[in-house]
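Hello,

Here is the structure I promised to pass on. My notes follow below it.

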Amino acid sequence: MKRILLIGFFLLAMVGTVSAYGLYLNCSEEVAAGASLKCSVDSDFPPGTTFNLVLYQSGYTATQIRKQSVTIQSDKRTQYIIVDTTGLPGGTYKAEMQYTGSDEARLRSDSITMKLITIIDRSAEIEITSPVTQDLKDALRIEGELKKGGNDGVQIEVTGPDGRVFGPQWIQTKNNIKNDGGIFTQKVAVTSGGDYTVQFSDADGYVGSKTFTVVAPTVATTVPTRTPTVVKTTRTPATTAPTPWPTTAQSPLSPITAIAGIGAAALAVVLAARRIR
């Protein structure tokens, strides 16, 4: 009887083992603030199974910061997840895989679903001495000092509104004998205004980033002044007709005067005829 029970328990254990799946999360233990946190996920869950990779900020209460989905593929290949840490303060964080289904109990006991991560803020190690706002004609001047940089050099990469414009490339640093800092200066030619982000790295990895604003000159738009066309119209002065002198209206002769005239003329003719005789 005992043998039968042992065989039954063994068979149940085998069934449970076969039906369980493994899920394995691996992340970098430390990352500089602003750099990308790299994680990998391995699992033999059926294709199409989806998990959420959630990043929490540890403290008295866990605060969710980022969440990305991960879906298992047919070939069960290792999947890599990049988590942006830009803007996150230094401290301890937790990355956790969360199953979106209802049968999370099917995980095998050796599964790893959580990792603690330390974000190290090194941004204070960079001191910028050139103006962070520059005119386009003088831009882009990247000048400053890397704490404890000495003569070891620093790697920079510059991205702007249109993408990467410089690097990543190592540039020279000169030792500051006062504090062992590494003084650097680099001129990167840019052709347009906007925000340009410079990322700094050293032999220990990512240090931080600084943003410069390039101001393009304002081109004054001159609106042409339209001079109104003056149409000159030659106006012929009006000719004023002279006022005619008043004329004396001749009154018609009265009948008596006309008869008297005719009689006088006849008398003159008679007298002249007598003289001739």
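The side chain of threonine 49 reaches 2.7 Å from the backbone oxygen of proline 46. Please keep in mind that this is a predicted model.

Threonine 49 sits in the loop between β3 and β4 (50–57). Is threonine 49 buried or exposed? Its relative accessibility is 11%, and buried means under 20%, so threonine 49 counts as buried. Its contacts, leaving aside neighbours within four places in sequence, are Val70, Thr71, Ile72 and Tyr99.

Next, the disulfide. The structure holds one. Cysteine 27 is joined to cysteine 39, with an S to S distance of 2.1 Å. Cysteine 27 belongs to strand β1 (residues 23–27) and cysteine 39 to strand β3 (residues 36–43), so the pair ties together parts that are 12 residues apart in sequence. Which hand does the disulfide have? The torsion about the S-S bond of cysteine 27 and cysteine 39 is about 115 degrees, so the disulfide is right-handed. Both cysteine 27 and cysteine 39 are buried.

Now the strands. β1 and β3 are also paired through five bridges, in the antiparallel sense. Tyrosine 24 stands opposite aspartate 42 in β3. What joins β3 to strand β6 (residues 79–84)? Six bridges do, and the two strands run antiparallel. Here cysteine 39 comes up again: isoleucine 81 in β6 stands opposite cysteine 39.

Best wishes

Definitions and conventions
Residues numbered from 1 in each chain as written. Predicted model: local features only at pLDDT ≥ 70, side-chain atom pairs only at ≥ 80, totals over all residues. Heavy atoms only, no water. Disulfide = S-S within 2.5 Å. Helix = DSSP H or I, 4+ residues; strand = E, 2+ residues; numbered from the N terminus. Buried < 20%, exposed > 50% of the residue type's maximum accessible area, 1.4 Å probe, protein only. Pairing = 2+ DSSP bridges. Polar contact = N/O pair within 3.5 Å; in protein donor to acceptor, adjacent residues only side chain to side chain. Contact = heavy atoms within 4.5 Å.
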